Every structure is written in structure tokens, then in C-alpha cells.
Amino acid sequence: MLQVDGSTASPERYRRQILLDGWGTETQEKLNKSRVFIAGAGGLGCPVAINLTSAGIGNITICDCDTVDVSNLNRQFLHAEKNIGRDKTASALQVLSQFNSELNYTAINDKISAGNVDDLVADADIILDCLDNFSARYALNECALRKHIPLVHAAVWGMEGRVTFLNPPETPCLACLFPVAPAQEEIPVLGVVTCATGSLQAMEAIQFLSGSRPSLSGEMLIMDYSVMRQQTLEISRNPDCPVCSHL
Ligand SMILES: [Zn+2]
């Protein structure tokens, strides 16, 4: 585990977002005190992390078990060529902490599983699911439920990106939406698609942390970037869901 502690926050840095309607220094202080757990430092994790860092989320944990591969570079923009072969979390931490030295960062090089997820997530206020495999996603979903922490789920496939905010019992959980894990495969993906989808995912987290209702609570946004069209589908709980039906 790598840690970097930030210096004192300067309000001037956030002046342009403090000007947002209903925002003010009070909202900014809320963000500065918030804790996020970013699961994955890949295609979605990179835009999520940089957006939450630039918004001034005070305590950022990022977790990944992979090293940087040349095939990551078309979309995972926190990782430079010189970091090929290095742990993704170390590579991400270096960029993020240089970009905003006022925040506290924890980088965990570990594989998320049912056995360690509760310790890894610790006391986060929100979880960002930026993963690419369903066994870790399910572990994260169950941890979110046990700890009553909302989870922002996102996924991409080709030119399509999906985002939803999950916080049972107000919304379904991930197992309601995907009772069976989709087949694991190498998916086609373009950097613009992961970057845009991860940014929408970060927006949902910022909405929640700032005290607003996330727009995608109980809804799934589906963006088709090939034609710049979107759909928002209502999603509902599975009354027989093995994970959340007891709520
Ligand atoms: Zn469920």
C-alpha cells in the first residue's frame, strides 16, 4: 500500500466550481472531507480518478492488481509509456498526487475478492465500480450492501457506455441487474468511450457527495457514442435477489 498525505486545501483552487448554483464553500468543504474508493485504475478508473481529484475529493483510495501493459495505453491515460510493467496503482498515484497535492491518496495493489473487500473499502462514503470482471464486481456489490455504501456502476462495450447509481433498497443492487455474470472476454474499446463514461460516473459520485440526489438513482443511462444518442431506462429490484431481497 502506498500513501501520500496532502497539504492544506486552498479554496482559490476550487473558485470556479464554488460559483456553481447551490454550491458555495460549504459544498466544497463536504467534498474535501469525503472518502472515495475507486475499484480499478484502468479505462474507467483513470477518468474517474482525475475528475474526483480535480474536484477536490479529499481522500481518494484507488485499488488495482495489474501492471501497465502497452495495450492499455489507448485509453488508460494516467499511465505513460515509461510506466509499462509498473503497478497501475503506483503509476496512477504519481500522476494524481502531482496533479493535486492537497489531497490524501491511498494506492492499494491487490485483487478485490470476497475475503478482502471489506478491509479494502474501509470507511469510504461511496464506491466507484471501474472493474472489468464480475467476480470482483459481485464482491464489491455485497460489501456495499453490508456497509450501506452507495456504488456507482459503469461499464463499456465497444461504442456503448452504461452508468447507474446503486443504493438498495431505494434502487436495485448489481446482482438484481446481472443475476448471472456475463462471459469474460476481451472487449473492443475506444479511449473516448471509457473517458466519457468514467466522467459521467464521477459526476454521479460528486452529486451524492455534495448532498444532491444522484440523477441515475434507479435508472441506467445507456450512451451510444457512435450516434451520440442516449437512453435512460428505469431499473427495478429483483424481489428474489439472493443478495439484497432481505432489505
Ligand atoms: Zn439485488
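A residue counts as exposed when its relative accessible area is over 50%, as buried when that value is under 20%, and as partly exposed in between. This tour applies those words to a predicted model.

**Stop 1: charged pairs**

Side chains of opposite charge can pair when their charged atoms come close.

Begin by selecting Glu12 and Arg15. These two residues form a salt bridge, and their closest N and O atoms are 2.9 Å apart. Glu12 has a relative accessible area of 52%, so Glu12 is exposed. Arg15, at 46% relative accessibility, counts as partly exposed.

Next, select Asp123 together with Arg35. The salt bridge between Asp123 and Arg35 has its closest N and O atoms 3.2 Å apart. Asp123 is in the loop between α5 (117–121) and β5 (126–129), while Arg35 is in strand β2 (residues 35–39), so this pair ties together parts that are 88 residues apart in sequence. The relative accessible area of Arg35 is 34%, which makes Arg35 partly exposed.

**Stop 2: aromatic rings**

A pair of aromatic rings is described by the distance of the centres and the angle of the planes. The whole structure contains 3 aromatic pairs according to the search.

Select Phe134 and Tyr138. The centres of their rings are 5.4 Å apart and the planes stand at 65°, so the pair is edge-to-face. Both residues belong to helix α6 (residues 134–147), where they are 4 residues apart, about one turn of the helix. Are Phe134 and Tyr138 buried or exposed? Phe134 is buried, at 11% relative accessibility, and Tyr138 is buried with a relative accessible area of 18%.

Now move to Phe165 and Phe208. Their ring centres are 5.8 Å apart and their planes are at 40°, so this pair is tilted. Phe165 lies in strand β7 (residues 160–166) and Phe208 in helix α8; the pair therefore ties together parts 43 residues apart in sequence. Phe165 is buried, with a relative accessible area of 3%, whereas Phe208 counts as partly exposed at 28%.

Phe134, Tyr138 and Phe178 form one aromatic cluster.

**Stop 3: Ala136 and its contacts**

Remain in helix α6 and select Ala136. Ala136 counts as buried, at 4% relative accessibility. Which residues does Ala136 touch, not counting residues up to four places away in sequence? They are Ile112 and Leu131. Select Val117 as well: Ala136 and Val117 are 19 residues apart in sequence and 8.7 Å apart in space, C-alpha to C-alpha.

**Stop 4: a nonpolar patch**

Finally, display the surface and select Met159, Leu190 and Val192. Together they make a nonpolar surface patch of about 270 Å². Val192 is found in helix α8 (residues 191–209). With a relative accessible area of 57%, Val192 is exposed.

Key. Residues are numbered from 1 along each chain as its sequence is written. This is a predicted model: local features need pLDDT of at least 70, side-chain atom pairs count only at pLDDT 80 or more; totals for chains, interfaces and linings use all residues. Side-chain values use heavy atoms; hydrogens and water are left out. Patches are made of residues with over 30% relative accessible area and no salt bridge: like charges are joined within 9 Å, nonpolar side chains (Val, Leu, Ile, Met, Phe, Trp, Tyr) within 5 Å. Accessible areas come from the Shrake-Rupley method with a 1.4 Å probe; for residues, only the protein chains shown count as cover. A salt bridge is a side-chain nitrogen of Lys or Arg within 4 Å of a carboxyl oxygen of Asp or Glu. Helices (H or I, at least four residues) and strands (E, at least two) are DSSP runs, numbered from the N terminus. Buried means under 20% relative accessible area, exposed over 50%, partly exposed in between (1.4 Å probe, protein chains only). Rings of Phe, Tyr and Trp (its six-membered ring) pair if their centres lie within 6.5 Å; planes under 30 degrees apart count as stacked, over 60 as edge-to-face and the rest as tilted. Contact means heavy atoms within 4.5 Å.
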